[in-house]
Amino acid sequence: MAGRMNKKFVYQEDFEIALEKIVMGPARKSMKITDEEKEMTAMHEAGHALAAVANKYENILHKVTIVPHSQALGVTLFLPNEDQVYVTRKHLLKSLEMMT
């Protein structure tokens with residue numbers, strides 16, 4: 001991202017933008033969304049975040065956005081606490097609880 005903006009140095013912000021673009025897909029800022037749809041999307045994504053906190057989800061809540069990305073109207077993005085090679089059954093069940 002830093003190269004596209006003709007920056008001389010790469011900063012943490014550049015890495016975060018690149019990560020979000022890879023994980024969430026490109027933002028569709030031109031998509032027309034009504035205020036009612038924005039509010040419904042915000043409530044929906046807030047529900048994911050609250051469910052994660054209530055269920056003591058292991059991963060870190062990184063970002064909640066109602067800017068459409070790829071096929072989603074909003075995204076709740078979690079990042080792992082540490083590098084993971086395997087995912088435990090407990091972790092998968094907590095992920096399912098948070099998504100529903």
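In what order do the elements of the chain run from the N terminus on? They run α-α-β-β-α. Hi everyone, let's walk through this one together.

A word on where it comes from: this is a predicted model, in which local features need pLDDT of at least 70 and side-chain atom pairs count only at pLDDT 80 or more, while totals for chains, interfaces and linings use all residues. Residues are numbered from 1 along each chain as its sequence is written, and side-chain values use heavy atoms, with hydrogens and water left out.

First, the overall picture. The chain has 3 helices and 2 strands; these are DSSP runs numbered from the N terminus, with helices being H or I of at least four residues and strands E of at least two. The C-alpha atoms fill a box of roughly 45 × 40 × 20 Å, taken along the principal axes. Of the 100 residues, 26% count as buried, where buried means under 20% relative accessible area, exposed means over 50%, and partly exposed is in between, using a 1.4 Å probe and protein chains only.

Now let's look at helix H1, residues 12-24. How far apart are its end C-alpha atoms? They are 18 Å apart, which agrees with the 18 Å that 13 residues should span at 1.5 Å a residue. The expected span, by the way, is 1.5 Å times one less than the number of residues.

Which residues of H1 are buried? They are Asp14, Glu20 and Met24. These three cover an arc of only 130 degrees around the axis, so they sit on the same side of H1; the arc is taken from the directions from the helix axis to the C-beta atoms. On the other side, Gln12, Phe15 and Ile22 are exposed. The cover over the buried residues of H1 includes strand E1 (60-65) and strand E2 (75-79). After H1 comes Gly25, whose phi is positive, near 90 degrees.

A search of the whole structure finds 1 aromatic pair. Rings of Phe, Tyr and Trp (its six-membered ring) pair if their centres lie within 6.5 Å; planes under 30 degrees apart are stacked, over 60 edge-to-face, and the rest tilted. Here the ring centres of Tyr57 and Phe78 are 5.0 Å apart and their planes are at 80 degrees, so the pair is edge-to-face. Tyr57 lies in the loop between helix H2 (35-54) and E1, and Phe78 lies in strand E2, so this pair links distant parts of the chain, 21 residues apart. Both Tyr57 and Phe78 are buried.

Conventions. Contact = heavy atoms within 4.5 Å.
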